Every structure is written in C-alpha cells, then in structure tokens.
Amino acid sequence: LGHVNDPGVDILSVIRSFGLAESFPEDVMKSLKQIPDEVDEEEVKRRKDLRIIPTITIDGADAKDLDDAISCKKTEHGFELGVHIADVSHYVKEGSAMDKEAQLRGTSVYFADRVIPMLPPEISNGVCSLTPDSDKLAFSAIIQVDMDGAITGYRFEKTVIRTKVRGIYSEVNEIFKGTATQDLLDKYKPVMKGLMTAREMASITKERSRRNGTMELESNEPKFILNEDGICIDVQPRQTGESEQMIEQLMVTANQAAAKLAEKEHLPFVYRVHENPKSLKIETLIELVSSLGLDFSGIKKENPSTAEFAAILDQAVGTPAQKIVSYQILRTMEKARYATDPLGHFGLALADYCHYTSPIRRYPDTAIHRILTAFVNKKGRNYINEHYATYAQDSATNSSEAEVKALVAERSAEDCYMAEYMTQHIGEQFD
C-alpha cells in the first residue's frame, strides 16, 4: 500500500483489512443515470405540499448529506413538530443493484479524512440532500407533543418540502447564546420563530427524559485535527453545543413516533433495541462504585432501571470520580443492536425506539421508510406482513453486523491517529 510513514497508508490498511468497499460496483454506477436531477412534477402532485412551511436543516459546516430538516410551531395544547427526512427509498428502489449494495454495506463508515458512504455521493450529496431553496421529496413525521413533553399524536406523510435555510450548528449556538451578529440574525430570520419554538420543545422533552431516568454520560469522543498532508497534529475532545443537543432530542422524538406506530399497527419492523445489563457486569460496577465511596444500594442486580444508573452518575458529577464512573457505566451496558421485536431501549429509558431519521447513511432507516411507505399507501396488513417480515429480519441482522464492523474499523483508525499524534512527543514527560 506504500511506506508505513506515508500519509494515509495506515487508514488505507484499516479500510482494506476490514474489507470496506472503496468504490461502487459498475451496475450501481450505471443505475445512477436513470435517477433524475430534478423532482418529478407528477410525483409532487401525489404528495402533501409543505413547501410553504419554514423548514431548516442544521448540520456541521462541512456536511454535504443533509438528510433531515425540521419545522416547529405552537399549538393549543403544546407543539407540532415536523421532522422531514430525505425520501431515499423513493430513489433507491427495492431489490435494485443500489439497494442490494446499500444493504450489504449497512452503514456509512466515518474516518477523520474520508467517508466510506453507504450510498453513492450522487444520491447522498445530490438528489436526496435537502439543500435550501430547491424542491425535495421527503418522508415527514408530524408529531404532536404536549407541554409535559409527551407524544400525544403523530402521522407520517410523503411530502415535498423546500428548506428555507441551511443551518450550521456553530451559528445556531451563537443565536442561542445571544452573541449572533446581525448578518447571522438576518440569515435565520425566515425560520427564527420555528427555531425558537423547537428549542423550547426540545428543552421540555429533554427534561421529561431526565425525569424518566435517562443518563447524561460524559462523552470521550475524540476529534482529530489533520494537516494538509493528512497527518494528525492534534487530538481534542469533541464538543457539542445546545443546537446539537436540540437536534438529537427532536430526532429521538421522531424515532419514538415511528416505533410507536409500528408497534401499534403490528407491522414487521426494524427496532433499535438496547437490552438490560447482565448481572455479572452490574456486580463489577457495584464493586467500583463502593470502592469510590458512593452509595450503590439503589441498584438491583437483576433488571435494574435506567434511573438507578442515573442516580449513581448524579452522585459522581463534579467529583474526580465522574469520568471513571461514566466509563464503567458504559462498559456495564449491553451493545445496542437492531431487532424485529420491540425490546425497549435501556440507555434512553424508552419502551419503543427505532432509527428512522438517517436513511442516507444507515440501512435500517431505509428499510423502515419502505415498510412505513407501504403502510401510508394503504397496502394492507397481509401484503405488508408477507412482503416485509423476512426483509425486516434480514435488515436487522445484516445492519447489526455491519454496524459492529464499522465501529471497530473507526476505532482502529482512531488508534492510528492517536499513535501518529503521540510520535511527535516521544521522550517527553507528562502528568
């Protein structure tokens, strides 16, 4: 592949050793020619027209695959949240070469200097990306939320949208902090009312999650700073501001609504599940917590609640023990996975959960869109069961395996970056 010290060779070796596909097969690239650049007017007529609604995407400054937009307004009893997701399954037809390749890949894989995408950039960064001031096909979740943060109603619709602003996390954070320039305020003026309403709603749903026992685990995710040659010259903790947390909260709400609908209608489905921790791991956690002088009497060894874990974490917050307790709680929990049964999500303290909001980069979301599209188009329970039961099972199994492979590959690459960074400090001493 090249000399061990050549920039990028270590990451290339990770990509090859995990068998990650660096390019798309010829039949997939050929099929791209059949996908139009513009939205088909006949398709627009078949959909709910939401182009007048002030919608906004909010992503990192360098993001190109804008797959989710939001809108939010006050109602008599609370809020109406719109989460508008790129309608990937409309373009990636079931059983097509592109669909089979996406199912095989299962997920996009992210490295500091590149992405191994699940779908070709012509789809993810092109026709499906919700760029501003252009008509885009979406699958929208319209969700009613009361003033206590509870979901009281929802509907899913095939829509056409036209986002008004291409939002950037750092800019929205400036607005929320009250330090935005006039230019920024002018840029966000068309969506300001909805943005502030979404902020209010997200704070209410977050508080509800906290009451239900959701844990605020300390993130130790690193951000790698590379120079123009692709060499890691710095490692920093990844920071998240209020806008990132707001979007995460709104996406969780949409994911909940999709899972609630599937369970209520008994649809074959791909749930995101996170099972209860095993008792042996809990004993290890108790051993550590007791040695740190924290009260562990509230934790049950069998079937503990998320709130019991959160209570231990609360004791450690602000103390030198916070990092190690947060880390050990992470180690105690099971790995989240995809399944066709709604087994609940321990980490989020939710009974119903799925991944609906990122079909550009995760296959389970695409599978869910396909199943919900059949439901929305009134295909009938028998048709949906016969057509999608095996498909949902295959998608859950394949996607779980692909996710683990991607995670291990990403961590292997991170190890390379960290080692590369530390070679610049050989012989130095640190506290």
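Student: Why is α1 called roughly antiparallel to α15?
Tutor: In this predicted model, the axes of α1 (residues 9-17) and α15 (residues 381-422) cross at roughly 160 degrees. Angles over 145 degrees count as roughly antiparallel, so α1 is roughly antiparallel to α15. The two axes come within 10 Å.

Student: Which hand does the crossing have, left or right?
Tutor: The crossing of α1 past α15 is right-handed.

Student: What makes the contact between them?
Tutor: Helix α1 contributes D10, I11 and V14, and helix α15 contributes A409, S412, A413, C416, Y417 and E420. Contact here means heavy atoms within 4.5 Å. By class, the residues in the contact of α1 with α15 are 6 nonpolar, 1 polar and 2 charged.

Student: How many cavities are there, and what is the volume of the largest cavity?
Tutor: The search of the whole structure used a limit of 30 Å³ or more and found 1 cavity. The volume of the largest cavity is about 40 Å³.

Student: Which residues line the largest cavity?
Tutor: The lining consists of P54, I56, I70, S71, C72, V191, G194, L195 and A198.

Student: How is the lining of the largest cavity made up by class?
Tutor: There are 7 nonpolar and 2 polar residues, and no charged residues.

Student: What is the make-up of the lining of the second largest pocket by class?
Tutor: That lining has 9 charged, 4 polar and 4 nonpolar residues. The second largest pocket has a volume of about 410 Å³. Among the 17 residues that line the second largest pocket, H90, K158, T373, A374 and N377 are the closest to its centre.

Student: Which element gives the most to the lining of the second largest pocket?
Tutor: Helix α14 does, with 4 residues. Each of α4 (88-91), α14 (363-376) and α15 supplies at least two residues of this lining.

Student: Where does I151 lie, and what is it in contact with?
Tutor: I151 lies in strand β8 (residues 151-161). Leaving aside neighbours within four places in sequence, I151 is in contact with I143, Q144, T253, Q256, A257 and K260.

Student: How far apart are I151 and L226?
Tutor: They are 75 residues apart in sequence and, C-alpha to C-alpha, 43 Å apart in space.

Technical notes. Residues numbered from 1 in each chain as written. Predicted model: local features only at pLDDT ≥ 70, side-chain atom pairs only at ≥ 80, totals over all residues. Heavy atoms only, no water. Axes fitted to C-alpha atoms, helices over the stretch in contact; angles between N-to-C directions. Parallel < 35°, antiparallel > 145°, perpendicular 65-115°, else oblique. Left-handed = near helix turned anticlockwise from the far one by under 90°. Nonpolar A, V, L, I, M, F, W, Y, C, P; charged D, E, K, R; others polar. 1 Å grid on protein atoms, 1.4 Å probe; cavity = no way out; pocket = protein on both sides within 12 Å on 5 of 7 lines; lining within 4 Å. Points joined across faces, edges and corners; volume = space filled by probe spheres on them.
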